[in-house]
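Work through the exercises below with the sequence and the model in view. Try each task before you read its solution.

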Amino acid sequence: ECPAKATEGCPYKTPNQRDLRHHLWTSHPVYARENDIPDRQMKCNFPGCEFTGRESHVWRHKIACHYPKRGQGFKVQ
């Protein structure tokens with residue numbers, strides 16, 4: 001159950017903590033920040049790139065923007 005239910009009336013429910021953290025950061029960022037909910041955001045490490053997002057989004061971003069030939073030359077870290 002979403003902990004913001006008491007203050008914001010949010011009906012969101014999930015048994016998965018990862019999904020709950022994602023929900024809190026996307027729907028209740030002030031609550032997440034004030035309650036030290038871990039943030040899964042990361043930054044693209046390509047030189048000069050400022051893209052940030054969840055790990056899977058950064059992976060797709062790198063493939064699409066920095067290695068358009070489907071990851072040619074891409075090294076997984």
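**Exercise 1. Find the elements with the lowest and the highest mean pLDDT.**

Step 1. Among the elements of the chain, helix 1 (residues 5-8) has the lowest mean pLDDT, 75. Helix 3 has the highest, 91. Here pLDDT is the predictor's confidence in each residue, from 0 to 100.

Step 2. Now take the whole chain. Its average pLDDT is 83, and 87% of the residues score at least 70.

Step 3. Remember what the score is for. Where pLDDT is low, the predicted coordinates should not be read in detail.

Two notes on the numbers. This is a predicted model, so local features need pLDDT of at least 70 and side-chain atom pairs count only at pLDDT 80 or more, while totals for chains, interfaces and linings use all residues. Residues are numbered from 1 along each chain as its sequence is written, and side-chain values use heavy atoms, with hydrogens and water left out.

**Exercise 2. Describe the fold in order, then its surface.**

Step 1. Count the elements. The chain has four helices and two strands. Helices (H or I, at least four residues) and strands (E, at least two) are DSSP runs, numbered from the N terminus.

Step 2. Read along the sequence. The pattern is α-α-α-β-β-α.

Step 3. Turn to burial. Of the 77 residues in the chain, 25% are buried. Buried means under 20% relative accessible area, exposed over 50%, and partly exposed in between (1.4 Å probe, protein chains only).

**Exercise 3. Locate the salt bridge and classify its partners.**

Step 1. The structure holds one salt bridge. The term means a side-chain nitrogen of Lys or Arg within 4 Å of a carboxyl oxygen of Asp or Glu.

Step 2. Name the pair. Arg 18 and Asp 19 form the bridge, with their closest N and O atoms 3.6 Å apart. Side chains of opposite charge can pair when their charged atoms come close.

Step 3. Classify each partner. Arg 18 has 44% relative accessibility, so it counts as partly exposed. Asp 19, at 29%, is also partly exposed.

**Exercise 4. List the largest nonpolar core and follow one member.**

Step 1. The core has seven residues: Cys 2, Ala 4, Cys 10, Leu 20, Leu 24, Ala 32 and Ile 37. A nonpolar core is a set of buried Ala, Val, Leu, Ile, Met, Phe, Trp, Tyr and Cys residues joined through side-chain atoms within 4.5 Å.

Step 2. Follow Cys 10. Leaving out residues up to four places away in sequence, Cys 10 touches Cys 2, Ala 4, Lys 5, His 23 and His 28. Contact means heavy atoms within 4.5 Å.

**Exercise 5. Which side chain does the side chain of His 66 meet in a polar contact?**

Step 1. His 66 lies in helix 4 (residues 55-66). Its relative accessible area is 19%, so it is buried.

Step 2. Find the partner. The side chain of His 66 makes a polar contact with that of His 61, at 3.2 Å. Such a contact is a pair of N or O atoms within 3.5 Å; within protein, one must be able to donate a hydrogen and the other to accept it, and residues adjacent in sequence count only if both atoms are side-chain atoms.

Step 3. Check His 61. It is found in helix 4 and, at 11% relative accessibility, counts as buried.
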